[in-house]
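Work through the exercises below with the sequence and the coordinates open. Each task is followed by a solution in steps.

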Amino acid sequence: MVVPHPSIPRNTRLAKLDDPSGPFAALILAKSGLVRLGMGHRVTCDIASPTLYHAVGQGALGVEIREGDNAIVALCLALNHRPTEWRCRAERAMLRVLEGGCSVPVGVSTTLIPTGPDEDQERARLKITGTVTSLDGKKHVEHTLEEEVASAEEAERVGEQVAKILVETGAREILEDIAKEKAARKAAEEHLTPK
């Protein structure tokens with residue numbers, strides 16, 4: 001039995017894993033959460049693409065501000081990390097074209113590599129892989145595009161292109177099946193709910 005150090009906060013999920021009579025042999029958890037809780041030593045394996053693609057925008061921080069507040073706009077621009085912005089904009093553009101949300105099995109992986117000697121150079125090579133998988137895992141479409149970009153808008157166009165290719169190669173059918181299943185589930189729940 002694994003006993004956590006007494007100074008480390010008890011995590012109920014890890015307690016289930018540590019229980020010798022429990023049903024779990026492994027858990028998939030967010031590494032950042034475990035590290036933040038001082039439990040990074042419990043991570044035994046990072047699961048990255050292509051084994052597991054992340055959801056759109058994972059790991060990025062967004063800040064919503066008042067429209068027209070130029071002082072705050074300037075502050076946010078000073079804090080902005082351009083490579084993260086370009087990657088997120090590409091990912092969000094892909095999801096927008098797919099008309100997906102957080103409950104749709106859309107995965108993505110992006111990399112952005114500067115194409116010149118200076119990392120702050122305005123050009124970079126964007127590589128984006130998009131995936132759409134059916135709920136039962138039997139259907140899966142995946143496509144990768146790699147293009148040089150010089151702005152967030154160009155990065156968005158690459159994300160849109162990936163989505164269009166995914167739609168043309170089978171994502172449309174997968175997403176339609178998911179929408180039908182959701183509608184049927186909702187109708188069944190409404191039918192069972194007493195009025």
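## Exercise 1: a surface patch

Leu61, Val63, Ile65, Ile72, Val73, Leu75, Leu77 and Leu79 make up a nonpolar patch on the surface, and together they have about 800 Å² of accessible area. The model is a predicted one.

Task: Where is Ile65 found, and is Ile65 buried, partly exposed or exposed?

Solution.
- Step 1. Ile65 belongs to the loop between helix H2 (31-36) and helix H3 (70-79).
- Step 2. The relative accessible area of Ile65 is 33%. Buried means under 20% and exposed means over 50%.
- Step 3. Ile65 is therefore partly exposed.

## Exercise 2: the hairpin

Task: Describe how strands S2 and S3 are joined, and find the residue in the turn that has a positive phi.

Solution.
- Step 1. Strand S2 covers residues 124-133 and strand S3 covers residues 140-149. The two run antiparallel and are joined by 10 bridges.
- Step 2. Within this pairing, Lys127 stands opposite Glu146 in S3.
- Step 3. S2 and S3 form a hairpin, with 6 residues between them.
- Step 4. Gly137 in the turn has a positive phi of about 80 degrees. Most residues other than glycine have a negative phi.

## Exercise 3: the largest nonpolar core

Task: Which residues of the largest nonpolar core touch the most other members, and which element gives the largest share?

Solution.
- Step 1. This core has 28 residues, of which Met94, Leu98, Ile128, Val132 and Leu166 touch the most other members.
- Step 2. Two or more residues come from each of helix H4 (82-98), strand S1 (106-114), S2, S3 and helix H5 (152-192).
- Step 3. H5 provides the largest share of the core, 11 residues.
- Step 4. Take Leu166 as a worked case. Leaving aside residues up to four places away in sequence, Leu166 touches Met94, Leu98, Gly130, Thr131, Val132, Val141, Glu142, His143, Ala171 and Arg172.

## Exercise 4: a residue of strand S1

Task: Classify Val108 as buried or exposed, and list the residues that Val108 touches.

Solution.
- Step 1. Val108 is placed in strand S1.
- Step 2. The relative accessible area of Val108 is 0%, and the cut-off for buried is under 20%, so Val108 is buried.
- Step 3. Not counting residues up to four places away in sequence, the contacts of Val108 are Tyr53, His54, Ala55, Val56, Glu91, Met94, Ile128 and Thr129.
- Step 4. For a distance check, the C-alpha atoms of Val108 and Asp136 are separated by 19 Å, with the two residues 28 apart along the chain.

## Exercise 5: salt bridges

Task: Starting from a count of 10 salt bridges, work through the pairs of Glu153, Glu148 and Glu146.

Solution.
- Step 1. The side chains of Glu153 and Arg89 form a salt bridge at 3.4 Å, N to O. Glu153 lies in helix H5 and Arg89 in helix H4, so this pair ties together parts 64 residues apart in sequence.
- Step 2. Glu153 is partly exposed at 41% relative accessible area, and Arg89 is partly exposed at 25%.
- Step 3. Glu148 and Arg123 meet through their side chains in a salt bridge at 2.5 Å, N to O. The pair links distant parts of the chain, as Glu148 is in strand S3 and Arg123 is in the loop between S1 and S2, 25 residues apart.
- Step 4. Glu148 has a relative accessible area of 33% and is partly exposed; Arg123, at 33%, also counts as partly exposed.
- Step 5. Glu146 forms a salt bridge with Arg125, and their closest N and O atoms are 3.4 Å apart. Glu146 in strand S3 and Arg125 in strand S2 are 21 residues apart.
- Step 6. Glu146 is partly exposed at 41%, and Arg125 is partly exposed at 32%.
- Step 7. Salt bridges with shared partners join Glu85, Arg89, Glu153 and Glu156 into one network.

## Exercise 6: a cis peptide bond

Task: Which residues does a cis peptide bond join?

Solution.
- Step 1. Most peptide bonds are trans.
- Step 2. The bond between Ser49 and Pro50 is cis, with omega about 10 degrees.
- Step 3. Pro50 is placed in the loop between H2 and H3.

Methods:
Residues are numbered from 1 along each chain as its sequence is written. This is a predicted model: local features need pLDDT of at least 70, side-chain atom pairs count only at pLDDT 80 or more; totals for chains, interfaces and linings use all residues. Side-chain values use heavy atoms; hydrogens and water are left out. Two strands pair if DSSP finds at least two bridges between them. Helices (H or I, at least four residues) and strands (E, at least two) are DSSP runs, numbered from the N terminus. A nonpolar core is a set of buried Ala, Val, Leu, Ile, Met, Phe, Trp, Tyr and Cys residues joined through side-chain atoms within 4.5 Å. Buried means under 20% relative accessible area, exposed over 50%, partly exposed in between (1.4 Å probe, protein chains only). Contact means heavy atoms within 4.5 Å. Patches are made of residues with over 30% relative accessible area and no salt bridge: like charges are joined within 9 Å, nonpolar side chains (Val, Leu, Ile, Met, Phe, Trp, Tyr) within 5 Å. Accessible areas come from the Shrake-Rupley method with a 1.4 Å probe; for residues, only the protein chains shown count as cover. A salt bridge is a side-chain nitrogen of Lys or Arg within 4 Å of a carboxyl oxygen of Asp or Glu.
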